[in-house]
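Subject: Handover of a structure

Dear colleague,

Please find below the structure that I am handing over to you.

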Amino acid sequence: MRNIIIASTSTLYDQTYLAYLLPTLQTHFKADSTVLFIPYARPSGISHDEYTAKIRLAFEAINVKVKGIHEFDNPKEAILQAEGIFTGGGNTFLLVKQLYAHDLVQAITEVVNNGTPYLGCSAGSNICGLTMETTNDMPITYPPSFKTLGLVPFNINPHYLDPTEGSIHMGETRETRINEFHTINSQPVVGLREGSWLEVSDTHLYLRGTLNARIFEQNKPAYEVTPNTDLNTLK
């Protein structure tokens, strides 16, 4: 049975790292298990070791150990043997490039579809979709493909932002950019607001948290879905 959490963010503005998700993660990952952390996205350019140490500290609260994938001689074997996987946020272009460089995309997809618990935040959530093309990140490097894990049958836009009423900003809104995506791509896009996450359990795919998500489908007006909606029919 698949067991996946796809979160918009790791940190809410008034909380410590992963605090809002810890009650959910306490049942998502087994106590005393070891989660394999993928730090390749490197937020703010921090090192793999620094990033892993930060995650290790957060997971102590739920009695779960953490080991960085960069600590293994064979990253693919680490994926195949993992008790749980967490891919952190940062730059999606860098993350995807590294996943392809280590030949991990198919391996992650296979183990997660076979039941290994997975957590993604931000960039780690973006890669759960069909492609990474609805990321908000700058293309600081170039991956060999934009195709990602395909754990859900649509794309994801983490950190989705609504237009600010009264703003004099003249640039594109997040909705404008997703509409541009849909001029040449057909898959739906789920805009996940901060503090929201998707929970995949077996054949169910629920929106969790307290906020609505915004759904974009090609040639249709965007619409809102409420928490606890099953999005399994979104294709």
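Two strands are said to pair if DSSP finds at least two bridges between them. Helices (H or I, at least four residues) and strands (E, at least two) are DSSP runs, numbered from the N terminus. The model is a predicted one, in which local features need pLDDT of at least 70 and side-chain atom pairs count only at pLDDT 80 or more, while totals for chains, interfaces and linings use all residues. Residues are numbered from 1 along each chain as its sequence is written, and side-chain values use heavy atoms, with hydrogens and water left out.

I begin with the strand pairings. β2 and β4 run parallel and are joined by four bridges, with V35 standing opposite G84 in β4. β4 is also joined to β5 by three bridges, again in the parallel sense, and here I85 stands opposite Y118 in β5. β2 and β3 pair in parallel over four bridges as well, and F37 is placed opposite G68 in β3. Together with helix α2 (residues 48-59), β2 and β3 make a right-handed β-α-β unit. Right-handed means that, with the strands pointing away from the viewer, the path from the first strand over the helix to the second runs clockwise.

Buried means under 20% relative accessible area, exposed over 50%, and partly exposed in between (1.4 Å probe, protein chains only). In β4 both faces are covered: G84 and F86 on one side, and I85 and T87 on the other, are all buried. Strand β3 (residues 65-68) has a covered face, made of V66 and G68, and an uncovered one, made of K65 and K67.

Helix α5 (residues 105-113) has V105, A107, I108, T109, V111 and V112 as its buried residues. These pack against β1, β2 (34-38), α3 (75-81), β4 (84-87), α4 (92-101) and β5 (118-121), where contact means heavy atoms within 4.5 Å. Just after α5, G115 takes a positive phi of about 120°.

A nonpolar core is a set of buried Ala, Val, Leu, Ile, Met, Phe, Trp, Tyr and Cys residues joined through side-chain atoms within 4.5 Å. The largest one has 42 residues, of which I38, I79, L99, I108, Y118 and L198 touch the most other members. At least two residues of this core come from each of β1, β2, α3, α4, α5, β8 (197-201), β9 (204-208) and β10 (213-216). The greatest contribution is that of α5, with five residues. Another core, of 23 residues, lies apart from this one, and I5, A7, V35 and V66 are among its members. Beyond four places away in sequence, L198 touches I4, I5, I6, F154, I156, L192, L205, Y206, L207 and L231.

Two loop residues complete the account. Y17 lies in the loop between β1 (3-7) and α1 (22-28), and is buried, with a relative accessible area of 13%. Leaving aside residues up to four places away in sequence, Y17 touches S10, T11, Y51, K54, I55, A58 and F86. The C-alpha atoms of Y17 and K54 are separated by 8.4 Å, although these residues are 37 apart along the chain. H182 is found in the loop between α7 (174-181) and β7 (189-191), and is likewise buried, with a relative accessible area of 7%.

Yours sincerely
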